[in-house]
Each structure stands twice: as structure tokens, then as C-alpha cells.
Amino acid sequence: MEFSMRLTSRLAESIALLAIWLGLLLLFGALSHHFLTASALRTLANSIPPLTLVSAGMTLVLIIGAIDLSVGSVLGLCGAVLGVALLDWHWPFAAAALLALITGLAAGTINGALSFYLGIPTFIVTLGMLEVARGLAYLATNSQTKYIGTPVESLANPLPVLGVSTAFLLAVVVVAGTQMTLSRSVFGRHLIAIGSNEPAVRLAGINPRWTKIAVFALLGVFTGLAALCYTSRLGSSDPNAGVGLELSAIAAVVIGGTSLMGGRGSVINSFLGVLVIATLGAGLAQVGASEPTKRVITGLVIILAVVLDAWRHHLASKPFPLVRRLFSGKHA
């Protein structure tokens, strides 16, 4: 019964998000004749893999009641490491890409270990990692953008049949796999339980520490993948890559219905949140909105999503009297 209700709720949220996204497409399509074209939609799809990958991992982090503010800087560091390995050390692309992923894994693991072994809030630890990773990116590249070109561009090149990039397909596969892990595996059930009631998890004989560290490590790997996609789209290694990405990822995840208070979330809905954020940004650019206007509108959308999340949490903890009576079996 409870599982059926959760499934119905998730489906309703997905339908609502899909309706919002389609509404944005129709709105900007009416305001700009160039928006609803195959070329524009392919460009939109090929621009979202970095944000999609980071949002998939951020969903798991928020579900356990934590947060990671360092993902933008870690992406910049992974891209810088990729550029140094390819251009300065003359490594093959596969080895350089693996090093970038290991860099992301190391950053995520350090975040998790410092937070859950020393008991430091994730907000503080990841805020420190934000500065450390960005500084290392500047040091690795001498604060200069390094043009890489052909070795990385294949990920961003549109495929001949579909017109979308390999990076987009990779992001979709990661979203599907992460959602399956969350909803169908013991690891996923542990994440929900930790975010919902961690003391109960401990009483059940489960030590949540390693699970929480694993979540941050996984986000680090996804951030490394996002760096590969970002670098392939630019064709260069930019130490400033990913500035503000953490805010966009958190916004997309919250818009997708994941609770900032933990215990609730869906990777599929986070992907729909990414589509909403990306479509809103692209549409405002198409109709000629200024950068300050875009930031104001996007910020208002984020605030609305957070307010709705808080309201939903309030209703869940203090349902209406009629709802309480219905679920308790007491009828007037």
C-alpha cells in the first residue's frame, strides 16, 4: 500500500514536470520562431550532459540529507587534469580520461570521509573543497585555457542518425542506471532510510557511514564524467569551467522534487528538472532577455521550488485532520 502510494506520487510529479517542460517549449516557441526547430532542440539536448550527470549524483547526496557545494570546482579541476595529461604529459586519451575520473573520485571521497568521520557538516567541508579544487585547477593550467581539440571532441560530436551527441546518450544511460540503483537495490533503500531516519538505521545494525561516503565518491565520479563532456563540448580545458554549476544542479534536483531535508527523491525527476532549467535559460536567451533578467527569473523559479518542497514537508509531517482520520482508520 505504502509503496503503491509512493509510486503514484512519483508518477504524478513526473507528469507535472513533463507538462511544465512542454509548456515552456510551447511558450518560447510562440515567442521565437527559431526555438521549436530540430536544430535548436538538438543543441539544447547536447548542452545538458554535464548538468545532467552532476544532478544525478547530487540527487543521491540530497536524499541522504547532505549537500555538496564543490562540484563546479571539482569539474574544473578534472578538466584541468585532463588537459595537462593530454597536452603536457602526452598521455593517450583513455589514460587521461581515467585520471580525470580518479580525480573526481578522490575529491568526492575526501569530502565524504572528512564529513562523516570527523563529523564536520558537509556544507563546510564542500565549501572548503570548492576553493581547494578551483585553486588546484588554476595551478595546473597556469590560469590559462588550454586548447585540446580532436582528442576530446568526439564525445560532443552529433551522431549521424540521431543528431544527439555521445555525451547526451551517456548522460541518459547514467540517469537510468542511477534511478534503477535508487529504486531497485539494497544500496538505494539504505539511502532513503538514512535520509528519512538515520537513528533507526543505526538501531537496525547498519552503519551508514560507508554508505554516505560511497554516495559522495559516486558524485565525484559523475562530476569527472561531466568534466569530460564539458571539455569535449568546448574542445579545451578551462580552469574556470563549472563556475556556479553546483547551484544549477541543486536547483534542478529540487525542482525535480527531491527534498532538501532528505529521504525523498527521484533521478528521473531530477533529469526533468534539468530540462526545465536548460529550456528556461535557452528560451530566455532566444527572446533576447538580458543576463540579469535571466538570473532573476531563474532565481525565482528556484525559490518557488524550495517553498513547494517546504510546504510538502509540512503537509507530510502535519497532515490535515481529515487525512489523519482517513489514514488512522477513524471515521466521523
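1. A helix here is a DSSP run of at least four residues, and helices are numbered from the N terminus. With that in hand, let's look at this predicted model.

2. Start on the surface, where Ile110, Leu114, Tyr117, Leu118, Ile120, Phe123, Ile124, Leu127 and Trp210 form a nonpolar patch with about 880 Å² of accessible area together. Two elements, helix H5 (93-118) and helix H6 (122-141), each give two or more residues to the patch. The top contributor is H5, with 4 residues. Ile120 sits in the loop between H5 and H6, and this residue is partly exposed, with a relative accessible area of 32%.

3. Next, follow H5 to its partner, helix H4 (residues 71-88): their axes come within 8 Å and cross at roughly 150°. Because of that angle, H4 is roughly antiparallel to H5. The crossing of H4 past H5 is right-handed.

4. Now for the charged side chains: the structure holds 5 salt bridges. One of them joins Glu13 to Arg264, with the closest N and O atoms 2.3 Å apart. Glu13 belongs to helix H1 (residues 2-31) and Arg264 to the loop between helix H11 (245-255) and helix H12 (267-286), so the pair ties together parts 251 residues apart in sequence. Both Glu13 and Arg264 are buried.

Key. Residues numbered from 1 in each chain as written. Predicted model: local features only at pLDDT ≥ 70, side-chain atom pairs only at ≥ 80, totals over all residues. Heavy atoms only, no water. Patch = residues over 30% accessible without salt bridge, like charges linked within 9 Å, V, L, I, M, F, W, Y side chains within 5 Å. Areas by Shrake-Rupley, 256 points an atom, 1.4 Å probe, with all protein chains shown as cover. Salt bridge = Lys/Arg side-chain N within 4 Å of Asp/Glu carboxyl O. Buried < 20%, exposed > 50% of the residue type's maximum accessible area, 1.4 Å probe, protein only. Axes fitted to C-alpha atoms, helices over the stretch in contact; angles between N-to-C directions. Parallel < 35°, antiparallel > 145°, perpendicular 65-115°, else oblique. Left-handed = near helix turned anticlockwise from the far one by under 90°.
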